[in-house]
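Below is a brief report on one protein chain.

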Amino acid sequence: MIEWQTDPTKELMTWHEAMKYAESLGNGWRLPTIEELIDAYDNNIEGFQAIHYWSSSEYAKNTIYACIINFNIGVVILADKTFNYSVRCVRDI
């Protein structure tokens, strides 16, 4: 079971910045996996906007890419880690 961040930053950031941001929160906060983001979309978890969110899931064949999800339509996309997207962290409870 996970807990979603209730007051995520509104700042857009690269994947590496997002990873550092999650770590800076302490107390077990981390970027969600793409599966956790898909589950949040499928279950209409509150607090998400109709924008793209970073996951911690990297593309195995080329790690310059990580997975994002578009919360407007629920589509998973590979994105260059240098692009700027939204972040909402999770932690295990």
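The model is predicted, and every value below is computed from it.

How many of the 6 residues of β3 are buried? The count is 5 of the 6, so β3 is largely enclosed by the rest of the structure. The strand covers residues 65-70.

## Pairing around β3

With β2 (52-58), the sense is antiparallel, over 4 bridges. E58 stands opposite A66 in β3. A hairpin of 6 residues joins β2 to β3.

With β4 (residues 75-80), the pairing is again antiparallel and runs over 6 bridges. Here I68 stands opposite I77 in β4. The hairpin of β3 and β4 has 4 residues between the strands. G74 in this hairpin takes a positive phi near 75 degrees.

In general, side chains of a regular strand alternate between the two faces of the sheet.

## N70

N70 lies in β3. Is N70 buried or exposed? N70 counts as buried because its relative accessibility is 12%, and the limit is under 20%.

The side chains of N70 and H52 are joined by a polar contact of 3.4 Å. The N70 side chain also reaches the backbone nitrogen of I73, at 3.2 Å. Leaving aside residues up to four places away in sequence, N70 touches I51, H52 and V75.

## I34 and helix α2

I34 sits in helix α2, which spans residues 34-42. Its relative accessible area is 8%, so I34 is buried.

Which residues does I34 touch beyond four places in sequence? They are S55, S57, C67, I68, I69 and V76. I68 is the residue that stands opposite I77 in β4. I34 and I69 are 35 residues apart in sequence. In space, their C-alpha atoms are 7.5 Å apart.

## Q5

Q5 is found in the loop between β1 (2-4) and α1 (15-24).

The Q5 side chain makes a polar contact of 2.8 Å with the side chain of Y21. Y21 is also one of the residues that Q5 touches, with residues up to four places away in sequence not counted.

Most residues other than glycine have a negative phi. Which values do N27 and N44 take? N27 has a positive phi near 50 degrees. For N44, phi is positive too, at about 50 degrees, although N44 is not a glycine.

Both are loop residues. N27 is found between α1 and α2, and N44 lies between α2 and β2. N27 is exposed, with a relative accessible area of 65%. N44 likewise counts as exposed, at 65% relative accessibility.

## Largest pocket

The largest pocket has a volume of about 170 Å³. It is lined by 14 residues, and P8, T9, K10, Q49 and Y53 are the closest to its centre.

How does the lining divide by residue type? There are 5 nonpolar, 6 polar and 3 charged residues.

Key
Residues are numbered from 1 along each chain as its sequence is written. This is a predicted model: local features need pLDDT of at least 70, side-chain atom pairs count only at pLDDT 80 or more; totals for chains, interfaces and linings use all residues. Side-chain values use heavy atoms; hydrogens and water are left out. Helices (H or I, at least four residues) and strands (E, at least two) are DSSP runs, numbered from the N terminus. A polar contact is a pair of N or O atoms within 3.5 Å; within protein, one must be able to donate a hydrogen and the other to accept it, and residues adjacent in sequence count only if both atoms are side-chain atoms. Contact means heavy atoms within 4.5 Å. Buried means under 20% relative accessible area, exposed over 50%, partly exposed in between (1.4 Å probe, protein chains only). On a 1 Å grid over the protein atoms alone, a cavity is a set of points where a 1.4 Å probe fits but cannot get out, and a pocket is an open set with protein on both sides within 12 Å along at least five of seven lines; lining residues have an atom within 4 Å of a point. Grid points are joined across faces, edges and corners, and a volume is the space filled by probe spheres set on the points. Ala, Val, Leu, Ile, Met, Phe, Trp, Tyr, Cys and Pro count as nonpolar, Asp, Glu, Lys and Arg as charged, and the others, Gly among them, as polar. Two strands pair if DSSP finds at least two bridges between them.
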